[in-house]
Amino acid sequence: MRKIFERIEKNNYLPAGTPGHGFTGWFQTMLQTNAPALSGVTAAVMNGFATAFGKTPSTMTTMIRSDPNFLDAKRDWTDGIWGLASHQRSNGQRYSSRDYVQDTISRGFPLTLSQTSLATKVMFSNASCGAKPRATGVSYLFGKSLYKADPRYNSNNKGETRIATARKEVIISGGTFNSPQLLLLSGIGDQEQLKKYDIPVIKHLPGVGNNMQDNQEMPIMGQYKGSSSFGQGGYIMYKTKHSPDGERDVFLMQGSGFAFRGFWPANQTNNNLPAEPANMYGVSLVKNHPQNTKGYVRLKSKDPQDTPAINFMHYAEGKETDMGAIKDTIALVRKVYSGVPSPSGPIASTEPPCPAGPDKDGYCGQADEDWITAQTFGHHPTSTNPMGREDNPIAVVDNRFRVHGIAGLRVVDASVFPRIPGIFPVVATFMISEKASDVLVEDAKIPSTCVFNAP
């Protein structure tokens with residue numbers, strides 16, 4: 001997979017030929033290699049982290065300009081401070097799949113892009129392909145804002161039903177939420193759920209919509225002395241004593257005036273937190289390698305315009321490991337805060353609150369656990385159509401992205417990861433899309449007796 005990364009990357013921040021990187025691909029990456037030296041409270045906090053990890057604070061500027069994607073077999077076991085490589089062009093403009101799609105169209109490839117279409121069901125041929133049902137196309141609604149997740153949705157707009165036929169294959173790329181929803185609406189999934197909504201069962205695959213995972217996130221806040229200033233520090237990756245496999249299991253991004261509290265529905269409040277103080281400091285924690293696989297996506301109805309039921313089921317499984325790592329990190333941050341010298345420090349820890357005061361190692365017992373339970377969020381869900389062998393009871397696709405037991409149907413998106421791939425899954429998703437492209441080209445060369453002759 002590293003070779004695929006090298007093939008797709010258009011690195012904009014390292015000298016051409018740097019091992020482990022690519023310089024002629026389409027996936028734009030950027031890192032600020034001339035990032036300014038840190039100062040004030042941000043420098044003081046980062047120096048505290050450097051000392052905690054056995055690093056030399058005087059080399060901080062070098063560390064925050066360094067490449068986190070360096071090629072080294074021991075990388076994922078290495079604690080430290082780095083810069084943050086982002087999917088950006090050299091001018092800092094964000095690069096995404098949107099750009100790749102537009103590029104493909106502008107270069108004249110036969111790709112049709114419709115922003116007014118809602119896929120509702122995969123269609124199947126009456127004639128099976130061997131013992132397998134054969135996907136032959138997709139039924140969809142044509143019209144604007146047809147999905148209830150769209151704030152512009154109007155219940156009177158039912159759209160116009162259309163069908164897109166496929167001579168060879170149907171590829172679903174609806175993401176972690178909508179790919180399992182579309183499979184279920186099509187009769188592929190747990191048969192009990194399908195029967196509940198009177199959806200004919202095409203293939204019983206109980207893994208569809210299950211196994212959802214997301215990295216747990218929350219901010220760790222403090223209040224420093226002096227006037228407010230905004231300053232972004234470096235990015236930290238390290239291993240807690242609760243790492244399940246010996247690899248780094250926590251990512252930290254932080255700075256003065258920084259409080260990333262996640263994304264919350266409009267009808268909820270994040271514990272009615274008070275207004276941020278003028279001189280706040282925030283360390284945003286992302287817990288990697290989550291042990292919880294109990295999250296799910298399920299149908300709420302057989303109406304394709306409806307949204308599915310989505311439940312992350314935080315800490316339903318692996319609680320001791322996941323919450324233990326978060327508590328380890330909170331304790332570390334408290335100790336770093338308390339060690340910040342004047343004039344900015346010591347920084348008073350404010351979140352999670354610890355009314356009785358932390359112990360000598362920075363822990364606060366049940367108060368920490370209650371706060372973590374209330375404040376945890378995530379926004380990089382994966383794994384609701386996991387890849388695996390056919391004898392795996394939760395596997396949905398094989399290692400060529402083909403849906404088990406169905407001919408002519410694949411899923412290619414972040415839903416196919418058996419386990420969540422790291423802190424930020426975007427590059428891994430781009431990589432598997434390239435891998436899937438290789439597979440499709442290879443399989444297209446194999447003569448098939450099950451080609452559907454679309455009208």
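**Contacts, fold and disulfide**

Modeller: In this predicted model, residues 24 or more positions apart account for 68% of the protein chain's contacts (heavy atoms within 4.5 Å) with a separation of 6 or more.

Biologist: What ground rules apply here?

Modeller: Local features need pLDDT of at least 70, side-chain atom pairs count only at pLDDT 80 or more, and totals for chains, interfaces and linings use all residues. Residues are numbered from 1 along each chain as its sequence is written, and side-chain values use heavy atoms, with hydrogens and water left out.

Biologist: How many helices and strands are there?

Modeller: The protein chain has nine helices and 17 strands, taken as DSSP runs numbered from the N terminus (helices H or I, at least four residues; strands E, at least two).

Biologist: And how much of the chain is buried?

Modeller: Of the 455 residues, 47% are buried, meaning under 20% relative accessible area with a 1.4 Å probe, protein chains only.

Biologist: Switching topic, which cysteines form a disulfide?

Modeller: Cys354 is joined to Cys364, with an S to S distance of 1.8 Å, where the rule asks for cysteine sulfur atoms within 2.5 Å. Both Cys354 and Cys364 lie in the loop between β16 (348-351) and α8 (365-375), 10 residues apart.

Biologist: Which hand does that disulfide have, and why?

Modeller: It is right-handed, because the torsion about the S-S bond of Cys354 and Cys364 is about 95 degrees.

Biologist: Are those two buried or exposed?

Modeller: Cys354 is buried at 18% relative accessible area, and Cys364 also counts as buried, at 12%.

Definitions and conventions
Buried < 20%, exposed > 50% of the residue type's maximum accessible area, 1.4 Å probe, protein only.
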